Amino acid sequence: MRLASMMIAGERRYGRLSNGVFEPAPVGTDPWDLLDESATGSTQFEDAVPVDSATKLEVPVPVGAVRDFITFEQHTAGSLRAVSGTSEVPQVWHEQPAFYFTNPHGLTGTGYDIPIPPGSERFDFELEVAAVIGKDGYNLSVEEAWEHIAGFTIFNDWSARDLQSNEMKVGLGPAKGKDTATTVGPAVVTLDELTDKRQGDSFDLAMEVRVNDKVIGTDSLANMAWSFAELLAYASRGTWVRRGDVIGSGTCGGGCLAEFWGWYGEGAIPPVQGGDTVTMTVEKLGTISNTVKAGATAHPVPSARRREWSQPQQP
């Protein structure tokens, strides 16, 4: 099953995507029912709508929380080099998977224009794959976690590197550096569609990102340092993950400009600018493409007010 979503006659519709067409399910169909094979078999899909590279698709499913991990060591090393000058990956990275929460309200589908975040001059992309959670779970084991994954989709974690680097100096973030947009799509592809590409607990799916038809980077999803089940088990530790939550793989090797800036200097490849088109293709999952446009004005916010303070007395 390849579950997708499209606006038709002003209404968001869910359906299946295959062979260059979108087949909408009846109005009011629960998209999660479509991922259930027994329910899909009885669904009467409507007339197919042609889909090409310029077609706008919505985010495939309603999304709750979005956790984005960092699981490709090549990307980790290159990105660290861009920030600190060293590509040595800290031991703590190997000990447990790390993630941050990003903005579910910033999710967008393929075909839509992406505005540059206000105030940013170093706009970047990140080629990832995400797992979509199909049912709720709490404190899952790795073995249990696979049963909670509905499928995979492509995930572009757009990043304002200048905003990100400044805010993370405080010891928090990323926040505004990742807040404007994340592209998800074109469909949620169920695991049964990927059987021939499975290697144990990983999937050998070829990944590629282009800017204006120029190939920037390629990798395989099999190079993740943790499986998606391991990421989900960690994410659910002591808390709930809900149907519709998204778990990002983190950027693959060569999947963003910041990595190349780390290895070869910031002049190696320019940041994406208004008019640039970023296209990402993952084997079996499809292609997403967005054109970048000028963003909104950054309205000024004053500097912090200075307040007198002193060290607290020991109790």
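1. Arg 198 and Trp 146. In this predicted model, the charged end of Arg 198 sits over the ring of Trp 146. The distance to the ring centre is 4.4 Å.

2. Aromatic pairs. The count of aromatic pairs comes to nine. One of them is Phe 123 with Trp 158, a stacked pair. Their centres are 5.5 Å apart, with 20° between the planes. Phe 123 belongs to strand β9, while Trp 158 sits in the loop between β12 and β13, so the pair ties together parts 35 residues apart in sequence.

3. A tilted pair. Phe 152 and Phe 228 have ring centres 4.8 Å apart, and their planes meet at 35°, so this pair counts as tilted. The link is between distant parts of the chain: Phe 152 is in strand β12 and Phe 228 in helix α7, 76 residues apart. Phe 152 and Phe 228 are buried.

4. A ring cluster. Phe 69, Phe 99, Phe 101 and Tyr 234 are linked into a cluster by ring pairs.

5. Nonpolar cores. The largest nonpolar core has 56 residues. Which of its residues touch the most other members? They are Phe 125, Phe 152, Leu 221, Phe 228, Ile 247 and Leu 285. Helix α7 (228-235) gives the most, with six residues. A second core of 19 residues is separate; among its members are Ala 25, Val 59, Ala 130 and Phe 155.

6. The five-stranded sheet. The strand order is β8-β22-β21-β17-β18. The sheet is open and its pairing is mixed. β8 (114-115) and β18 (214-220) are the edge strands; each has a single partner, so one side of each lacks a neighbour in the sheet. β8 and β22 (residues 286-293) run parallel and are joined by two bridges. Ile 114 has Val 292 of β22 as its bridge partner.

7. Helix α8. This helix is mostly covered, with six of its eight residues buried. Those residues are Leu 257, Ala 258, Glu 259, Phe 260, Trp 261 and Gly 262. They pack against α3, β9, α6 and β18. Gly 265 follows the helix and has a positive phi, near 95°.

8. Helix α6. Which residues of α6 (residues 161-168) are buried? Arg 161, Asp 162, Gln 164 and Glu 167 are. Their packing partners are β9 (123-124), β13 (159-160) and α8.

9. Thr 71. This residue lies in the loop between β5 (66-69) and α3 (73-84). Is Thr 71 buried or exposed? With a relative accessible area of 1%, Thr 71 is buried. Its side chain reaches the backbone oxygen of Ser 249 at 2.7 Å. Leaving aside residues up to four places away in sequence, Thr 71 touches Trp 93, Asn 223, Met 224, Ala 225, Trp 226, Leu 231 and Ser 249.

10. Cis peptide bonds. Most peptide bonds are trans. The bond from Gly 173 to Pro 174 is cis, with omega near 5°. Pro 174 is placed in the loop between α6 and β14 (182-189). The bond joining Gly 185 and Pro 186 is also cis, with omega about -5°. Pro 186 lies within strand β14.

11. Most residues other than glycine have a negative phi. Ala 9 has a positive phi of about 55°. Its place is the loop between β1 (2-8) and β2 (11-18). Ala 9 counts as exposed, at 84% relative accessibility. Asp 213 also has a positive phi, about 75°. This residue lies in the loop between β17 and β18. At 65% relative accessibility, Asp 213 counts as exposed.

Technical notes: Residues are numbered from 1 along each chain as its sequence is written. This is a predicted model: local features need pLDDT of at least 70, side-chain atom pairs count only at pLDDT 80 or more; totals for chains, interfaces and linings use all residues. Side-chain values use heavy atoms; hydrogens and water are left out. Two strands pair if DSSP finds at least two bridges between them. Helices (H or I, at least four residues) and strands (E, at least two) are DSSP runs, numbered from the N terminus. A nonpolar core is a set of buried Ala, Val, Leu, Ile, Met, Phe, Trp, Tyr and Cys residues joined through side-chain atoms within 4.5 Å. Buried means under 20% relative accessible area, exposed over 50%, partly exposed in between (1.4 Å probe, protein chains only). Contact means heavy atoms within 4.5 Å. Rings of Phe, Tyr and Trp (its six-membered ring) pair if their centres lie within 6.5 Å; planes under 30 degrees apart count as stacked, over 60 as edge-to-face and the rest as tilted. A charge sits over a ring if NZ of Lys or CZ of Arg is within 6 Å of the ring centre and within 35 degrees of the ring normal. A polar contact is a pair of N or O atoms within 3.5 Å; within protein, one must be able to donate a hydrogen and the other to accept it, and residues adjacent in sequence count only if both atoms are side-chain atoms.
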